[in-house]
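I opened my notebook to see what could be looked up in this structure.

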Amino acid sequence: MPQRHAAIAGGGIGGLAAALALSRIGWRVTVFERAPDIDEVGAGLQISPNASRILRFWNVLGAISESGLRPEELRIRSALSDAPLTRMTLGNAAEKRWGAPYLLAHRADIQNALLTACRESPLVDIHTGAEVTGFLNTVDGVHVGYQTSDGVHSLDADMLIGADGLRSTIRARMGLGPHDTPRHSGRTAWRALVPANQAPALALEMASTLWIGPEAHLVHYPLRGGSVLNIVAITQDDWRGNEQRDEWSSEGETAHIRQRFGGWHRDARDVINCAPLWTRWPLYDRDPVTRWSDRNTALLGDAAHPMLPFLAQGAAQAIEDADALAMALVRHHHAPIPALKDYEHTRVKRAASIQLASRRQGNIYHLRGPLALARHIALKTMGSSGLASQMDWIYDYRTR
């Protein structure tokens, strides 16, 4: 059988994961990334066991673990009183329960580990400053058009994977419907990275801490061997950023975010106040769809199922997608059309469930008044084992 060739639109975590997974089963892969460089975009990510077990299978988990951290626990606290609501034991207990570690890592470190593995493969070719602008499914595969600084080009491949994010060109060209547009959540994420020597000691403990309060919540944890503190504050907010592109780097007003959390407990305010600079990110998702593929073309990651970050599953689901895609191709003897339908069937229901659960989780975090009190009581009653049990359906999922 002649060697198969896949084109991938997008060089983020999803696109690189797909490239690595496909190269491992013998496919030649060309990745098109519209940015001029694949660089350090974003901040911290929580890598749950459903993703880390796949990264370990691909032999890239070790590179991520060098700079990543294994938190001992997840702590949930009341934003107004500092009362502990519950905690979930992680560390060795997480690996024992779910068969893989729970890690905290910088998005760039995960992306760089995947990028290095792809560059070490003779089967992967990565083009930056190159954007896929259209495609045409043909009898033999797919004809892909792309643009670079020196003009418009095309290539023929056996398969095209759209891993080009929330505002996916590939998704739009697949014509998934006139109402298939990004959905603004009414929330904004404020992000900051602070050197450890400027952060309060309580925030540098080996834990991921979640403070929940009325119409806002705060998450913080150490990164990169404890050298920096990652902070994410989520607020109810109608700000939409630039709706024509994915927004990662709009500068946020420090005075505004400090005032917004001014009524919170002193320890939470200390975390907010230690950050001299914030970026803000409007939170969008899309409604789930039941079709991700069109003959020799399919979607992956945020292009298929953009989700809100309240279950920390965006990158993890893209990694699951990539592994499931490779396995489907093997099952169907590398024939793209049946394999992509199989991949779609395998992934659509799970991804949709996590998309919708992430929306619900955001609503739960931001309750106020009597409903917030009921939430606090439920969390205290649940305890560590109860919280872990609620995460089993996500963390214990196996693609193989």
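**Entry 1: a hairpin**

I started with a turn: strand 9 and strand 10 are joined in a hairpin through 2 residues. The model is predicted, and I kept that in mind throughout. I then looked up how the two strands pair. Strand 9 (residues 142-148) runs antiparallel to strand 10 (residues 151-157), with 7 bridges. I picked out one of these pairs: Gln-147 has Val-152 in strand 10 as its bridge partner.

I found an open one of 6 strands, in the order 7-2-1-11-19-18, with mixed pairing. Its edge strands are strand 7 (124-128) and strand 18 (293-294), since each pairs on one side only. Strand 2 (residues 28-33) is parallel to strand 7 and joined to it by 5 bridges. Here Thr-30 has Asp-125 in strand 7 as its bridge partner. I also saw what packs on this sheet. Helix 1 (residues 13-24) touches strand 1 (5-9), strand 2, strand 7 and strand 11 (159-162). The direction of helix 1 makes about 170° with that of strand 1.

**Entry 2: two cores**

Which residues have the most contacts inside the largest nonpolar core? I noted Ile-8, Leu-22, Leu-55, Trp-58 and Leu-114, in a core of 71 residues.

**Entry 3: strand 6**

I checked both faces of strand 6 (residues 103-106), and both are covered. Leu-103 and Ala-105 are buried on one side, and Leu-104 and His-106 are buried on the other. His-106 in strand 6 is the bridge partner of Gly-44.

**Entry 4: Asn-137**

I found Asn-137 in strand 8 (residues 131-137). Is Asn-137 buried or exposed? Its relative accessible area is 17%, so Asn-137 counts as buried, the limit being under 20%. I then looked for its polar partners. A polar atom of the Asn-137 side chain lies 3.0 Å from the backbone oxygen of Asp-294. The side chains of Asn-137 and Thr-297 make a polar contact of 3.1 Å. Not counting residues up to four places away in sequence, Asn-137 touches Val-142, Asp-294, Arg-295, Asn-296 and Thr-297.

**Entry 5: helix 8**

In helix 8 (residues 266-273), I listed the buried residues as Asp-267, Ala-268, Val-271 and Ile-272. Down the helix axis they fall within an arc of 145°, so they line one face of helix 8. What covers these buried residues? The cover includes strand 13 (207-213), strand 14 (216-223), strand 15 (228-236), helix 7 (254-260) and strand 17 (278-285).

**Entry 6: Ala-374**

Last, I looked up Ala-374, which lies in helix 11 (residues 369-395). Ala-374 is partly exposed, with a relative accessible area of 42%. From C-alpha to C-alpha, Ala-374 and Leu-103 are 31 Å apart in space, and they are 271 residues apart in sequence.

Note on methods. Residues numbered from 1 in each chain as written. Predicted model: local features only at pLDDT ≥ 70, side-chain atom pairs only at ≥ 80, totals over all residues. Heavy atoms only, no water. Buried < 20%, exposed > 50% of the residue type's maximum accessible area, 1.4 Å probe, protein only. Helix = DSSP H or I, 4+ residues; strand = E, 2+ residues; numbered from the N terminus. Arc of directions from axis to C-beta. Contact = heavy atoms within 4.5 Å. Pairing = 2+ DSSP bridges. Axes fitted to C-alpha atoms, helices over the stretch in contact; angles between N-to-C directions. Core = buried A, V, L, I, M, F, W, Y, C linked by side-chain atoms within 4.5 Å. Polar contact = N/O pair within 3.5 Å; in protein donor to acceptor, adjacent residues only side chain to side chain.
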